[in-house]
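Trainee: I would like to go through the aromatic contacts here. Can we test each label against its cut-off?

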Amino acid sequence: MFDAIADAFGQIERALRPRSAGRDDVLTLSLLPSLASSWLVPRLGSFLASNPQIEINLQSSVALVDFERDSTVDAALRYGPGHWPGVEATHLFDDWITPLASPQLLARLDTRTELSDEELAKLPLLGDQTNRWRDWFTSAGVRAPKRFLATLDDAETLHRAAVSGLGVAMGRLTLARPLIEAGLLVELSPRRMKSDFAHYLVHLPRSNGHRGLQAFRAWLLEQAQKYDAGTAPSATAAPRP
C-alpha cells in the first residue's frame, strides 16, 4: 500500500554513513523519519547535485538530539513552537491541517470528495491527542462528535489508519502530501487550519561557521519558501497545534 513512498526510505538508509568528524564539508543532520521520507529526501537530490563537494549524513530518529552531548550532529530539523534553549532556530515553513480519507472509505460510505463541516461530523472520525477535530468544528460553528471511532497519538500512524480505510483523519499536509499525490488519501475540504507548530532548522551558535551548514541552510530556505507558497491557503482558521 505504501510502495509509492518506499523508495524514500531506501534513500535515507543510503545517507546514513559514518561521519568524518571536524570537517565542514560533511554535514550531519538529525530529523524525524516521517519528515525525512515525506519532505526532505524527495528534494535532497537538487542540493547534492549543486553541492557535490558536501557530504550529507542523515540521522533519522524520533529522539530530540542533544547537541551538547552529541557533538557529531551539526543541525536538526524540528517541528514545534520554535523556542528551544541554547540553539538558534530558523523558521522554514508552517504546517497545515485538513480532513483526509482514503478513496476506498469514501466509496464504501458512498459520499462525495468535498463535504461540508456538518457532513464531516457524521463520518467515522479518527481522533488525535491534541483534539484537532474540536478546533476544526469550533471554528466552523459546528457541534463536534462526542466520541471518535479511535484515537491515535502519532501523526504517521493516524495517516496510515486513514489510508487503510479505518476512518477520516485530521491530517498534517507536510507528512501526508506523498500519500495524497499517490492517490492513497483525498482532501475532503477546501479549508485548511494553520498549526501553532511549524518546521525549523536548529543548531548551536558554534555551527554558524560550518561551510556545509551555510550552503544547506540557503538551499533549505529556498525549498521551504517554494513549499510554503504552494501549500498555504488564502483563508485559514488558527487552531492549537
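Mentor: Start with the count. This is a predicted model, and a search of the whole structure finds nine aromatic pairs.

Trainee: Why is the pair of tyrosine 79 and phenylalanine 197 called edge-to-face?

Mentor: Their ring centres lie 5.6 Å apart, with the planes at 80°. Pairing needs centres within 6.5 Å, and edge-to-face needs planes over 60 degrees apart. Both conditions hold, so the pair is edge-to-face.

Trainee: What makes this a link between distant parts of the chain?

Mentor: Tyrosine 79 is in strand 3 (residues 75-80). Phenylalanine 197 is in strand 9 (residues 192-203). They are 118 residues apart.

Trainee: Why does phenylalanine 197 count as partly exposed?

Mentor: Its relative accessibility is 28%. Buried means under 20% and exposed means over 50%. The value falls in between, so phenylalanine 197 is partly exposed.

Trainee: What sits over the ring of tyrosine 79?

Mentor: The charged end of arginine 172, 3.7 Å from the ring centre. The distance cut-off is 6 Å, and 3.7 Å is within it.

Trainee: Which residue lies over the face of tryptophan 136?

Mentor: Arginine 191, at 3.8 Å from the ring centre.

Conventions: Residues numbered from 1 in each chain as written. Predicted model: local features only at pLDDT ≥ 70, side-chain atom pairs only at ≥ 80, totals over all residues. Heavy atoms only, no water. Phe/Tyr/Trp six-rings, centres within 6.5 Å; stacked < 30°, edge-to-face > 60°. Helix = DSSP H or I, 4+ residues; strand = E, 2+ residues; numbered from the N terminus. Buried < 20%, exposed > 50% of the residue type's maximum accessible area, 1.4 Å probe, protein only. Lys NZ or Arg CZ within 6 Å of the ring centre and 35° of its normal.
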